[in-house]
Amino acid sequence: MTRARMPKLYIKTFGCQMNEYDSGKMADVLREAEGYERTEDPDAADLILLNTCSIREKAQEKVFSELGRWTEWKAAAPGRLIGVGGCVASQEGEALAKRAGNVDVVFGPQTLHRLPKLLKQTRTTHQPAVDVTFPEIEKFDHLPAPRAEGPTAFVSIMEGCSKYCSYCIVPYTRGEEVSRPLVDVLAEVEQLADQDVREITLLGQNVNAYRGPTPDGEVVDLAFLIACIARIDTIGRIRFTTSHPAEFTDALIEAYATEPKLAGYLHLPVQSGSDRILGMMKRGYTAAQYVEKIDRLRAVQPGIALSTDFIVGFPGETDADFEQTMALIERCRFDAAFSFIYSARPGTPAARLRELPAEVTKARLERLQTRIRELGATFAQDLIGTTQRVLVERRSRRESKNHLAGRAACNRWVNFACPAEDAERLIGRFVDVEITEAAPNSLRGQLATAVA
Ligand code: SAH
Ligand code: SF4
Ligand code: F3S
């Protein structure tokens, strides 16, 4: 007897961790509804989903050139379908189906749970099926239980963003902030813990705006949620991303002081060191307020690894503004940073402002990135000789087969050798590793002790 061939799904993900999380959920929904199996080989697939990002111009244009490339794939076998989800889909809606020509389904970040229905619709009507509405938190009530893939997992705790920074498209593509109920988040974490997940990253565009309703009508914040998760024995490490400086509260600083499971790492996007530019960006804090929060955080956790985001060349940014950004870098001594040249997003208030010449912004970006690389190298060098707790995720990709790889609390990858007979057993566990070498993107060390 031959088993019926299950349909296959290929997902290509662009953009942030929210999109990565959503891609996993798309696969879960389609597996449950129609038995789709995920594949890494598009030629084996019956359905391709592009989970798109529109944070910068190139991200958006990439989607359209990508779609062009799938025309032949679609023509090569009858019944093949193409779906586009994520932020470009959310923004473009019907227009995307019209412009692309070969798209069958368009869905948004908040309607991915309706994929099975949309697929049925397009198979019947042979017309594109489009749904990019924002039915708030409904999607989470329609998702299958999470499936762990290894010892680390993301859990979305809130959707959307209500900050409306003047340059940013996210509030328009993802909708306003909505928090998931506390018990729902905890249930998802527990289901993952039952599948041997040891590290949870709480996800949202602005996780410290978390206001989770409880069954008795109260509302709890991110610090409370972290404390609840820390009580789950087998969860050994908690991270969160992304948080906004304006809402980085005392309760969170306190959590870094008192909660050993909270990883000694923080990604806190600053964008600029100039108050004038921060004002034009509508970020809601000054450089001094940002620095003050970092100082207080370092007072409770001196070794914390700090990363950030910068936008370089915001309209009107002068040399003096940029020098203030460079000065802030020296003051905060970031371990890492993502830096981007400003990109006007249609429909955002900043898009009306006059842009700076490309050669100015490029030169600034280069200077900023060079300095960040140096600081990152110094941070890594300083780790040599220290012992870091590492959650082992897998065998190392670069080294021989008895090398393992995992991440330290500071978020850097650590590679280390271990006896062949122990390798399998240590994957998914915390171990202590003494750091012996620091390369630009990863550390190397020696196994000290296996912890748990
Ligand atoms: N919610 C997070 C970040 C979300 S987007 C926060 O505000 O901190 C990730 C990063 O993309 C931002 O921090 C910013 O540095 C960058 N970004 C967003 N919009 C941009 C634009 N229009 N041009 C260039 N970079 C942008
Ligand atoms: Fe965009 Fe600002 Fe919201 Fe971050 S906080 S997602 S930059 S609007
Ligand atoms: Fe991109 Fe949307 Fe994330 S615009 S960065 S995929 S929220």
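Below are some questions and answers about this predicted model. Residues are numbered from 1 along each chain as its sequence is written, while chains are lettered from A and ligands numbered from 1 in the order in which they are written. Local features need pLDDT of at least 70, side-chain atom pairs count only at pLDDT 80 or more, and totals for chains, interfaces and linings use all residues; side-chain values use heavy atoms, with hydrogens and water left out.

Me: Which residues come nearest to ligand 1?
Reply: A residue is near a molecule if one of its heavy atoms lies within 4 Å of it. There are 15 residues around ligand 1. Those that come nearest are Gln205, Pro269, Gln271, Asp309 and Ser343.

Me: How far is a polar side-chain atom of Asp309 from an oxygen atom of ligand 1?
Reply: A polar contact here is a pair of N or O atoms within 3.5 Å; within protein, one must be able to donate a hydrogen and the other to accept it, and residues adjacent in sequence count only if both atoms are side-chain atoms. For Arg56, an N or O side-chain atom is 3.4 Å from an oxygen of ligand 1, and for Arg283 the polar side-chain atom lies 3.0 Å from a ligand oxygen. For Asp309, the value is 2.6 Å.

Me: What share of the area of ligand 1 does the protein bury?
Reply: Accessible areas come from the Shrake-Rupley method with a 1.4 Å probe, and for residues only the protein chains shown count as cover. Taken alone, ligand 1 exposes 550 Å². The share buried by the protein is 91%.

Me: How many charged residues does the shell around ligand 3 have?
Reply: Ala, Val, Leu, Ile, Met, Phe, Trp, Tyr, Cys and Pro count as nonpolar, Asp, Glu, Lys and Arg as charged, and the others, Gly among them, as polar. The residues around ligand 3 include Cys16, Cys53, Cys87, Arg174 and Gln205. By class, that shell has 5 nonpolar and 4 polar residues, and the charged count is 1.

Me: Which side chain does Glu247 join in a polar contact of 3.0 Å?
Reply: Glu247 sits in the loop between β13 (237–241) and α10 (250–258); helices (H or I, at least four residues) and strands (E, at least two) are DSSP runs, numbered from the N terminus. Leaving out residues up to four places away in sequence, Glu247 touches Asn206, Asn208, Ala209 and Arg211 among others, where contact means heavy atoms within 4.5 Å. The polar contact partner is Lys163.

Me: Is Asp196 buried or exposed?
Reply: Most residues other than glycine have a negative phi. Asp196 has a positive phi of about 70 degrees although it is not a glycine, and lies in the loop between α8 (182–194) and β10 (199–203). Buried means under 20% relative accessible area, exposed over 50%, and partly exposed in between (1.4 Å probe, protein chains only). At 58%, Asp196 is exposed.

Me: How many residues apart in sequence are the parts tied together by Lys8 and Glu37?
Reply: A salt bridge is a side-chain nitrogen of Lys or Arg within 4 Å of a carboxyl oxygen of Asp or Glu, and the count comes to 32. The side chains of Lys8 and Glu37 form one at 3.5 Å, N to O. Lys8 lies in strand β1 and Glu37 in strand β2, so the pair ties together parts whose separation in residues is 29.
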